[in-house]
Amino acid sequence: MDAVTDKATAPSVLRNTAFLRLWTGTTASGLAMWALPFVLGLAVLERSITAVELGVVLATRTVGFLVAVPVAGVLADRHSRRNVVFWSCITGAVMTPVIALGMDRSLLLMAAAAAIVGAGQGGCRPAFQALVAEVVPEEQRQQANAATTLAIRVTTLVAPSLTALAALVTDAKALLVVTAVLWLVAALVPPRGNHAPARTTGKASFAADFLEGLHEARRHPWLLAGLGALTSMVALGYSATAVLLPLVSRDRYGTEAVLAAAMTAYTIGALAGAALMARWRPRTPGWTALAGMACYGLVPLALLLPVHPFVLIAVYVAGGVGMELFNVPWFTAVQREVEPGKLARVSSLDFLLSFGLAPVGLAFIAPAVDQFGSGVVLGFCAVACFAAPAAAALVPSSKGFTRSS
């Protein structure tokens with residue numbers, strides 16, 4: 001038998017009130033995060049801002065996110081994770097309406113506000129991740145991570161539609177205020193955890209504390225191997241398919257419908273994968289997770305080959321399932337294996353690499369396509385998507401995502 005589901009020792013996490021509060025806050029912050037680009041896109045259609053201004057605002061938001069993530073990891077290990085969530089989300093709630101104030105007035109004001117909103121987004125991510133380990137017993141954490149992933153995927157699926165529907169009755173500025181309310185919910189609803197920050201007489205710098213988190217990550221070879229595979233997947237696989245799927249949809253199939261169907265199929269696959277991992281306990285969770293990650297390599301391969309559009313859509317479903325086969329055990333293992341007092345810092349490293357290198361990959365894909373052609377780029381990225389998880393699986397502790405593998 002390949003897997004077990006220990007129902008006796010893992011009652012439903014939905015009975016855990018503290019987790020439900022945390023899940024609500026995480027979902028609200030995720031919805032606010034995903035809604036902002038669509039709301040600003042509507043502002044372009046309303047001519048409240050230009051396309052160039054949209055690009056500047058979203059870029060500064062990303063910069064704010066990346067700057068805040070490592071700092072937030074240190075703060076969330078030094079202080080109450082609940083307080084870090086509160087102040088990060090309050091920052092988003094206060095500064096989001098400032099973006100609306102800057103419309104038609106000042107690009108500098110919008111960009112500065114967006115950078116601070118991005119910092120709020122980056123600030124709450126490691127703290128939310130660490131709070132799961134505080135309020136959820138170990139035997140329920142895989143369920144909890146699956147439920148959180150389900151919420152995130154549903155958010156990505158419905159946020160564009162909800163934004164478009166809301167735009168029928170109001171304007172972008174009002175929608176930004178609604179987004180601020182979501183940040184307020186994320187600030188106020190989550191529960192307190194049980195983390196007691198270590199009190200030291202020394203005054204270690206942020207850099208020293210962050211390096212301590214890096215040292216903790218180095219203690220877990222499976223973690224470094226998994227991070228390397230994940231970084232390769234995001235920087236190469238995700239970036240290449242994000243750039244080239246629209247071109248393939250237009251040039252090969254002659255319709256943007258394939259683009260929309262493929263993206264929807266990926267989200268549906270991810271939902272299915274998260275639902276599966278809420279109940280499935282593989283005997284070799286690490287190898288299963290890395291095999292799931294490797295499934296995404298089918299996506300650039302399908303974009304490279306002249307397959308039927310239904311085959312491409314099916315491959316996107318498989319890619320979505322596979323990535324959640326990785327994500328849920330990965331987050332669960334990090335929460336289980338990493339020293340509790342360093343969990344936020346290690347989580348911040350995870351977010352920094354996975355989110356931080358995505359823009360780098362996107363920046364290089366288009367020039368690479370111009371230089372070498374889309375076929376070479378897709379072929380290289382497909383090989384990388386298969387090879388990176390396979391290489392990570394060779395690390396002995398990767399079998400179970402535990403030092404005792």
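Colleague: In which helix is the place of G319?

Modeller: In this predicted model, G319 has its place in helix α12.

Colleague: Why is G319 called buried?

Modeller: The relative accessible area of G319 is 0%. Buried means under 20%, so G319 is buried.

Colleague: Which residues is G319 in contact with, leaving aside its neighbours within four places in sequence?

Modeller: G319 is in contact with Y266, C295 and Y296. As for W87, 232 residues away along the chain, its C-alpha atom and that of G319 are separated by 36 Å.

Colleague: What makes F326 and W330 a stacked pair?

Modeller: Their ring centres are 5.3 Å apart, with 20° between the planes.

Colleague: Where do F326 and W330 lie, and how many residues apart are they?

Modeller: Both belong to helix α12, which covers residues 309–337, and they are four residues apart, about one turn of the helix. F326 is buried, as is W330.

Colleague: Which residues form a cluster through ring pairs?

Modeller: The cluster consists of W222, F326, W330 and F401, linked by ring pairs. By the rule on ring centres, the count of aromatic pairs is nine.

Colleague: Why is R47 called exposed?

Modeller: Its relative accessibility is 73%. Exposed means over 50%, so R47 counts as exposed. R47 is located in the loop between α1 (17–45) and α2 (51–78).

Colleague: What is the phi of R47?

Modeller: R47 has a positive phi of about 65°, although it is not a glycine. Most residues other than glycine have a negative phi.

Colleague: Is D104 buried or exposed?

Modeller: D104 has a relative accessible area of 58%. The cut-off for exposed is over 50%, so D104 is exposed. Its place is in the loop between α3 (81–102) and α4 (107–135). The phi of D104 is also positive, near 65°, in a residue other than glycine.

Colleague: Why is L162 called partly exposed?

Modeller: The relative accessible area of L162 is 46%. Buried means under 20% and exposed over 50%, with partly exposed in between, so L162 is partly exposed. L162 lies in helix α5, residues 141–166. From L42 it is 120 residues apart in sequence and 12 Å apart in space, C-alpha to C-alpha.

Colleague: How many helices and strands does the protein have?

Modeller: Its secondary structure comprises 14 helices and two strands.

Colleague: What share of the residues is buried, and what share of the accessible surface belongs to carbon and sulfur atoms?

Modeller: Buried residues account for 50% of the 405 residues. Of an accessible surface of about 17,500 Å², 70% belongs to carbon and sulfur atoms.

Colleague: How many positive and negative side chains does the protein have?

Modeller: There are 28 positive and 20 negative side chains, and the centres of the two sets lie 6 Å apart.

Technical notes
Residues are numbered from 1 along each chain as its sequence is written. This is a predicted model: local features need pLDDT of at least 70, side-chain atom pairs count only at pLDDT 80 or more; totals for chains, interfaces and linings use all residues. Side-chain values use heavy atoms; hydrogens and water are left out. Rings of Phe, Tyr and Trp (its six-membered ring) pair if their centres lie within 6.5 Å; planes under 30 degrees apart count as stacked, over 60 as edge-to-face and the rest as tilted. Buried means under 20% relative accessible area, exposed over 50%, partly exposed in between (1.4 Å probe, protein chains only). Accessible areas come from the Shrake-Rupley method with a 1.4 Å probe; for residues, only the protein chains shown count as cover. Lys and Arg count as positive and Asp and Glu as negative; His and the chain ends are not counted. The place of a charge is taken as NZ of Lys, CZ of Arg, CG of Asp or CD of Glu. Contact means heavy atoms within 4.5 Å.
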